[in-house]
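Subject: Structure handover: aromatic contacts

Hi,

Here is the structure we talked about.

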Amino acid sequence: MLSQGSIPEVKEDSVGHALEERKSKLMQFQDLGPPDLITMTKYIPSASTSGSQSNNKRTLTPEPSLGIKTQDLHTHDKLKGEIGTFLYCAGADTSDPTSIAVYLKTLADVISEEPQIWFGKHRQYKVARITYSAWNAFRKCDVRVVVHIPGAVQSYLLDASGEILQIGEDDGNMLWAETFASGIVRSITMVTDNKEEGEVNSVVETRILNPLMSGEIGDVAETFIKLFPLVYAKGPTLGGPCDVSVVSKTNNYLCETLVNVTRLAQNFDLAHSVLADMLPLHPEIVVLLARILFEGDREIEAIKAIHDDLEAQGTSIADYRSELLCVQAKFLLTRKRDCKAARSVAETAVNCSPSEFRPWHLLVSSYIGLNDVENALLTLNASPMTPLKEKFVFKRVVPVAQDSPNLHLPLPVDVILDEVTGLSSQDVINEHRAVDASLINLPAANLKSTFQIAYKFLTEIVQKTGWEALLKYRSKLFVMEEEYQVASTPPSESDGSKNPADGFRSKRLCERWLDNLFMLLYEDLKTYTLWQAEQLHFEAQNTRYTKSTLEWELLGLCAYRLGHYREAAVAFDRGLAQRFSAQSSRKLLHIYLLQRETVKNSTELSSSQLLTALRDLDNSIIDLCVRLCCWNHRWYCEFSVILLDAMSVVVQDLGLTKLSNEIASRFPQSVVDLAQRNLLDFFANYTHGDYDK
């Protein structure tokens, strides 16, 4: 529910500063671009202006904007107490000017309806003008909608150089289709690309809505899927995930979003129909078609589609062959657990695209599954890394320091859960000051992109071998760069000793980044081993082993990185028993989901034991999801793929009615309403899944 407490704002140094700052940086926007920007001009009304506001309720009808002049966009009359503010937004419906104007008017009404608590003082502000700026990532232009209150709605475009762009009326529909698709891709990618990091958004002055629930046009997911063919050809302009070196037509953020939207909305039939219609003109679409079929558990159809396409290719190698083989290899690894077959397919994919990381990643995973440590390490060392590519995150257009006096971050008071919304920031700061620096600065925690993936492989290998055996493999297979440089120095004539290089001929030069990962792994293992030894000592002495929540969290994260999920869960659980932590809660939620999968596939439990274990895990998942939902709401975020994915598992077990009753029996009504609005309503009204109501 929208309230003044759920609208973060930043006060501008001067009215219009944020828009000018954005305009000056348009040329710098890359790929998906920044989050949408909302700017407001607020004032303290006099008797005459307040009367004017109340007596001039107008329908929000956009005026023609093709020949607009910049001087017509804004009034230059100075209003009493006039200030400018701005915030960022993601997930709003940007399918046409009217939808944007309706959303802006709703925001303006909430600000104006009652006195606002503004930096500790009550201010009766009215909104004179509110502007929405959305980056069209396909056309590389900024789309702006201005709502004058009371008054007209105007829209205009700025090209990358900041000049007003004229668009023909015939091209208008395509422009808005692109703007709508850009917003969906930006919103979905922000959370899915950063799932491992907990979907954390560092730009705190951002309202994040569920893009699939915020539409004024009906079913947003359905609209996006139907629009996909119109924007498909321009997909590579949006960029792609960090493990993709060269984006392609079927390997980019647009295609990733199609798969995610289809999966979230469970609208597999429509996606299959749309992609099948595209297939004759775009044979590479089979890559997406196979992915959608696998996501919809239509495995036989997916395998047939892959087989038929590869057979049709024959000896010729299509551009997309490697991507199709990667889809097949992933299926064999994750669904069939057939590592031998996956290795064969991944090897072929590597030969087709030797400069792409993803085929190598699947080949390494296959070797690990086959316990072939030597080939896993050699393949990992040969993998092409992408050090300059990062995951997509929101970045500020207008610089704002975290301690800026202009930063207005109200507490939403419509939802109160004391242990979550009442968390003392000073207590957390004190914990940070008191924690051991060596624990908080473990370097493996800061790994990004493909290095993060490579480190996970290294931890899987060391779980199989142990540290000492891993060092022996390292010594057997690799020569370190320093050793190589020494060995490469020719011996003097007076030195009759054997050339050290002779012993390195059968070894590979260890890549510097892999050598660094070995060192980071050592630091994590040392921290983990010391913690476990210390804990055992305290337990043997019958002495309580105490840590702060932050310390438990950092130890849990270390164990989590190393794949010791049971020990990580214990650490997170102990920390959460003392106070709430979003990071610990998200990681613990993931561990519970892994445990749930293990329990479901167990053949050692009786049916009653299985049901009891699943019920306990479902209850833990519900508690964590609801608390995280409250935490997200406190920070103006109403959308989380992590929570929707976790809750979908419980919904399939319990059904919506029983799940709703479970939540109602444990939490205050305001929290129940929030969970209903942000989680359960999504499954009930915005998906095509076969959920038991």
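One cut-off before the notes: a residue counts as buried under 20% relative accessible area, as exposed over 50%, and as partly exposed in between. Keep in mind that this is a predicted model.

By that scale Tyr-522 is partly exposed, because its relative accessible area is 40%.

Aromatic pairs came next. Searching the whole structure gives 18 of them. One is Trp-467 with Tyr-522. Where do the two partners sit? Trp-467 belongs to helix α18 (residues 467-477), Tyr-522 to helix α20 (residues 512-540). The pair therefore ties together parts that are 55 residues apart in sequence.

A second pair joins Trp-635 and Tyr-636. This one is edge-to-face, with 6.3 Å centre to centre and 85° between the planes. Are these partners buried or exposed, or in between? Trp-635 is partly exposed, at a relative accessible area of 31%. Tyr-636 is buried, at 0%.

Both residues also belong to one aromatic cluster, together with Phe-580 and Trp-631.

Two arginines sit over rings as well. Arg-634 places its charged end over the ring of Trp-635, 3.9 Å from the ring centre. Arg-474 lies over the face of Phe-518, and here the distance to the ring centre is 5.0 Å.

Over to you.

Best wishes

How values were computed. Residues are numbered from 1 along each chain as its sequence is written. This is a predicted model: local features need pLDDT of at least 70, side-chain atom pairs count only at pLDDT 80 or more; totals for chains, interfaces and linings use all residues. Side-chain values use heavy atoms; hydrogens and water are left out. Rings of Phe, Tyr and Trp (its six-membered ring) pair if their centres lie within 6.5 Å; planes under 30 degrees apart count as stacked, over 60 as edge-to-face and the rest as tilted. Helices (H or I, at least four residues) and strands (E, at least two) are DSSP runs, numbered from the N terminus. Buried means under 20% relative accessible area, exposed over 50%, partly exposed in between (1.4 Å probe, protein chains only). A charge sits over a ring if NZ of Lys or CZ of Arg is within 6 Å of the ring centre and within 35 degrees of the ring normal.
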